[in-house]
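Work through the exercises below with the sequence and the 3D view open. Try each task before reading its solution.

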Amino acid sequence: MTKSVDDLDYYGILGVVRDATLHDITNAYYALAQKYHPDAREAQAHPDALAKFKLISRAYAVLSDSNQRRTYDQSVRQLSSSQIREAG
């Protein structure tokens with residue numbers, strides 16, 4: 001099974017732009033975490049809240065760490081380039 005860039009779009013998951021600051025990433029994470037945390041009342045209305053919360057947490061863990069973010073950005077660029085070559 002091949003992963004696409006969309007499957008790995010941590011920026012999209014958090015709703016931030018690719019050049020977002022750590023402050024922007026943190027604010028987005030906290031807003032989404034409050035909404036989807038399994039103990040939150042609002043999350044109880046979403047059957048997939050736990051899975052979404054885990055994905056949001058993973059995205060934040062990667063994007064909030066400068067080394068992991070750099071590695072992630074490089075891998076997304078490589079994946080994107082290979083998909084463009086395959087489509088061409």
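**Exercise 1. Confidence**

Task: Find what the protein chain averages in pLDDT, and where confidence is lowest and highest.

Solution. The model is predicted. Next, go to the helices. Confidence is lowest in helix 4 (residues 66-87), with a mean of 81. It is highest in helix 1 (residues 10-14), at 97.

**Exercise 2. The span and sides of helix 2**

Task: Compare the span that helix 2 should have with the distance between its end C-alpha atoms. Then state which residues of helix 2 are buried and which exposed residues lie on the face turned away from them.

Solution. Helix 2 (residues 22-36) has 15 residues. At 1.5 Å a residue, helix 2 should span 21 Å. Its end C-alpha atoms are 21 Å apart, so the two values agree.

Now list the buried residues of helix 2: I25, T26, A28, Y29, L32, A33 and Y36. They cover an arc of only 165 degrees around the axis, so they sit on the same side of helix 2. Turn to the face directed away from that buried side. It carries the exposed residues H23 and Q34.

**Exercise 3. The salt bridge**

Task: State how many salt bridges the structure holds, and which side chains meet.

Solution. The structure holds 1 salt bridge. R18 and D9 are the partners, with an N to O distance of 3.5 Å.

**Exercise 4. K54**

Task: Locate K54, decide whether K54 is buried or exposed, and give the distance from K54 to A33.

Solution. K54 belongs to helix 3 (residues 49-63). Its relative accessible area is 54%. The threshold for exposed is over 50%, so K54 is exposed. In sequence, K54 and A33 are 21 residues apart. In space, their C-alpha atoms are 9.3 Å apart. A33 itself is among the buried residues of helix 2.

**Exercise 5. The nonpolar core**

Task: Describe the largest nonpolar core, then list what L63 touches.

Solution. The largest nonpolar core has 20 residues. Those with the most contacts inside it are L14, V16, I25, Y29, L63 and Y72. Helix 1, helix 2, helix 3 and helix 4 each supply at least two residues of this core. Helix 3 gives the largest share, 7 residues.

Finish with L63. Leave out residues up to four places away in sequence. L63 then touches Y10, Y11, L14, I25, R69 and Y72.

Notes: Residues are numbered from 1 along each chain as its sequence is written. This is a predicted model: local features need pLDDT of at least 70, side-chain atom pairs count only at pLDDT 80 or more; totals for chains, interfaces and linings use all residues. Side-chain values use heavy atoms; hydrogens and water are left out. pLDDT is the predictor's confidence in each residue, from 0 to 100. Helices (H or I, at least four residues) and strands (E, at least two) are DSSP runs, numbered from the N terminus. The expected span of a helix is 1.5 Å times one less than its number of residues. Buried means under 20% relative accessible area, exposed over 50%, partly exposed in between (1.4 Å probe, protein chains only). The arc is that of the directions from the helix axis to the C-beta atoms. A salt bridge is a side-chain nitrogen of Lys or Arg within 4 Å of a carboxyl oxygen of Asp or Glu. A nonpolar core is a set of buried Ala, Val, Leu, Ile, Met, Phe, Trp, Tyr and Cys residues joined through side-chain atoms within 4.5 Å. Contact means heavy atoms within 4.5 Å.
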